[in-house]
Amino acid sequence: MKDVGMGGVSVSGILAVTASNAAIWTFGIYTIAVFVIAAFANRLLQGKSFLSEYFLGSRGLGMWAFALTFAATSASGGSFTGFPAKIYTHGWILALWISSYMVYPICTMGLLGKRVNQVARKSGSITIPDVLRDRFESPAFGIVAMLLIVFFLSFNLIAQFKAGSVLLQTLIEDAEIFQSLSHTCGLMIQGNSFFEGVEPGYFCCLLSFGILVILYTTYGGFHAVVWTDVLQGIVMVFGVAIMLPLTLSQVGGMRSGTELMAKMIPPRIASGRLDFDQATDQPVTLKDLWFGRTDEDGEQHLYRLSRSISLPAGATSAENVTFVELITPEEIDLQWKRLEENRSSSSATKVQEDITGAVGSGERDALNLAETEEIAKAYWPFDADSNPSVKPLMTVHFDEVQEYSYGAGEPGNYVSGPAPMGPSEAGRTDEDVAAAAGFLPLGMAISFFFMWAISGTGQPQYMVRLMAFKDSKTLRRAIITVTIYYGLIYFPLVIIFCYSRILLPGMENEADQIMPAMAVTLTEGVGHGWLAGLLIAAPFAAVMSTVDSFLLVISSALVRDLYQRNIHPSASDQTVKRLSYLTTLIIGSIALIFAINPPKFLQDIIVYVGSGLAACFLFPVVALLYWKRSNVWGCLGSMLVGFSSHLMMHIASWLQGGEFTNPVDLFGLGPVVIGLAASLLAVLIITPLTPKPSEKLVEKYFSVPSTT
Amino acid sequence: MKSTEDPVYRHSKREAIAILLLWGASFLWTVPYCYEYGYRTAGEELELDLFWGLPSWVVWGVAVPWVVCGLVAIGMCAFYIQDDDLEPAESLSSEVNSSESSNSS
């Protein structure tokens, strides 16, 4: 065990107050805008077939609406939270990880687009289970598809609800109005066992975000979702366009940024305990906190407190605290200078006041002199000499220091493959193999090339958008638009967040906060803190546009595929309408309740859902669209084999004592490739062994009456 | 009545094959190139080769192919993918009821 006496404490929010107030305004304007949109969309529902309009926008989407709703739905919260976090953690290898986005738009829209739209028109389908059912006249097939969609997307909905709430919290947590609201919320849920461990701030944001999305989706239906997607799609591309030049200017250009990255050595992750010299006199949250010391050899060490710690009044210590210790000398030097500069800035003065107020500065006289001496050796920007109000108030005890499982002690891993992998990513069943192979071994690189472009094609929530465009000219133009749009977003994101390692070091344990943190750093760096609100609106928009689409797909599955087509086919339009509103409301509310205590590993759940849906839907849908010989047995078999083989790789991990969300690899390949391969084999083997489809169906979907 | 193969099906199939070829070409270039020039074995000395300030394997393995694939995709949409006559949207207003009745019958 290593004990290090530390002095001085910074307590500051990721967002400056100015940015937080701007963010409140952004959120307010957003809220108004989406409700106006929902109201217009609701007016469109009048006088049209309710179901077709509510769930599919009457198949009348023009180019911009179709392109941007497709792009915004595909770019989920992961694009602006999980993806930047991965770039930050692993470096330039993420360019390869995401590289199949170069063909993503043409694959996901072009491979099935025209044909699925036509088949849906021929069969009068509104949902994907509708298409499967009608194409083979098999209600059972439709029900299986519906159950799989509800199963997978419900998980994802919870994950996205959490992502949205966390983002919103980051966005507004320093605003006074939010803090008082959060305090009130905390008092309301205090003592209720259901809310045990739930942070009041998160709960407030979940309620605001959840209720907003549920209401506008419920009220406006498909058109509300599409139009808000358009708004959100525009916000996303502007966000990236602003961030890229700001990043490049602040790291001194690409060359100097990449050269510094090449020198970077993965940090060490330390865990331990914080002891306070005096009990806190009021509840306090510690975050964005650095500890520095200079050892006997004159070597500087920097540790960053991971995540925030909320302490009640009267706390004398904080257990299970983790730190990131910077190892790269150039990084330490750079960050030390930055901390020094901040020390004399006005924000540092504010920080200092927070500390003294929070931990009981009135009793500083009782400080231990020996510890003060220790502090003299340790170093912190707010040193005792120049800031008499800041005295040694904490002692850090490190219990365990962990090295990265791949890349420890070695420079160059952030600019080359297979890239570093942190100890926190252990827990995989094949931990040793993974540690030896790094973040992206060749097999995983191949898997991810399949994962995005090919598995993206197999997502029913995107396919349903392909059923909504007006004509094939719209499809062609939309593919061009999305190709340009994604080129403007994804590669620049890799550049921005690779260099975020330089601007914001030590965030490995809270890399999912890197996007809002960068927004603040970049905008404050140029003296426009208010702009952060606008930048953070981009990921917020991404989450919102995904959540609303999922919500509608799930409720359409239940209302259309289960109730109307299987339980009560002759239900009146009025009944269906009420049921649609009610189902959307209920599904959204259930997801919201589960998101209060969401499962861990949300990003892994998102990957599990995406790859699982592809394994279930891609080849059955390809077969029914393009293979005349395809039949219900082959397609249903393919769907079930894809589902079970994908699931087995996750269950195998769990049976071996690993996490369910960290599947085993087979031949170095991930579940998406194995699931897709199994599904393809199943359709190719089962179809010829089972009866041919009826002539009538083949005729209907593959022929047109001859004009001669 | 005699029938002929649906042109939307025929065109879509041909276009899907071309798109798959594009995906295959991008895969066959990007993954092997990046693996060859962007990967190191543990302990191997790093030779940092920059182009436009980025690691050169990123430029030639990902950025340039990204631009090329984008241009090819745009070219395919402009000149190769055909405009087909999908079923007119106005006949769809009654589709829910018609599918219901076909289901119940």
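Me: How far apart are the end C-alpha atoms of residues 16-38 of chain B?

Reply: They lie 31 Å apart, and the span is 100% helix and 0% strand. Helices here are DSSP runs of H or I with at least four residues, strands are runs of E with at least two, and both are numbered from the N terminus. Keep in mind that this is a predicted model, where local features need pLDDT of at least 70, side-chain atom pairs count only at pLDDT 80 or more, and totals for chains, interfaces and linings use all residues. Residues are numbered from 1 along each chain as its sequence is written, and chains are lettered from A and ligands numbered from 1 in the order in which they are written.

Me: And what about residues 58-81 of chain B?

Reply: The end C-alpha atoms of that span are 31 Å apart too, with 96% helix and 0% strand. An unreviewed UniProt entry annotates residues 16-38 and 58-81 of chain B as "transmembrane region". UniProt positions are in the numbering used here, feature names are shortened, and annotations may be inferred rather than shown by experiment.

Me: What's the element order in chain B?

Reply: From the N terminus on, chain B goes β-α-β-β-α-α, which makes 3 helices and 3 strands.

Me: Where is confidence lowest in chain B, and where is it highest?

Reply: Lowest in helix α3 (residues 95-104) of chain B, with a mean pLDDT of 42, and highest in helix α2 (residues 56-80) of chain B, at 96. That's the predictor's confidence in each residue, from 0 to 100. Over residues 89-105 of chain B the pLDDT is below 50, though this stretch has 23 contacts in the model beyond near neighbours in sequence. A contact is two residues with C-beta atoms, placed from the backbone, within 7 Å. Chain B averages 83, and 81% of its residues score at least 70.

Me: OK, what ipTM does the complex get?

Reply: The predictor gives an ipTM of 0.86 and a pTM of 0.82.

Me: Which strands pair between chain A and chain B?

Reply: Strand β10 (residues 703-705) of chain A pairs with strand β1 (residues 3-5) of chain B, antiparallel over 3 bridges. P705(A) sits opposite S3(B) there. Pairing requires DSSP to find at least two bridges between the strands.

Me: Switching topic: which residues touch the most others in the largest nonpolar core?

Reply: V103(A), M236(A), V494(A) and I514(A), in a core of 214 residues. Helix α12 (residues 200-251) of chain A supplies the largest share, 22 residues. A nonpolar core is a set of buried Ala, Val, Leu, Ile, Met, Phe, Trp, Tyr and Cys residues joined through C-beta atoms within 7 Å. Buried means 20 or more other C-beta atoms within 10 Å of a residue's own, exposed means 12 or fewer, and partly exposed is in between, with C-beta atoms placed from the backbone.

Me: What does M236(A) touch?

Reply: Leaving out residues up to four places away in sequence, M236(A) touches A72(A), A75(A), I489(A), A538(A), A541(A) and A542(A).
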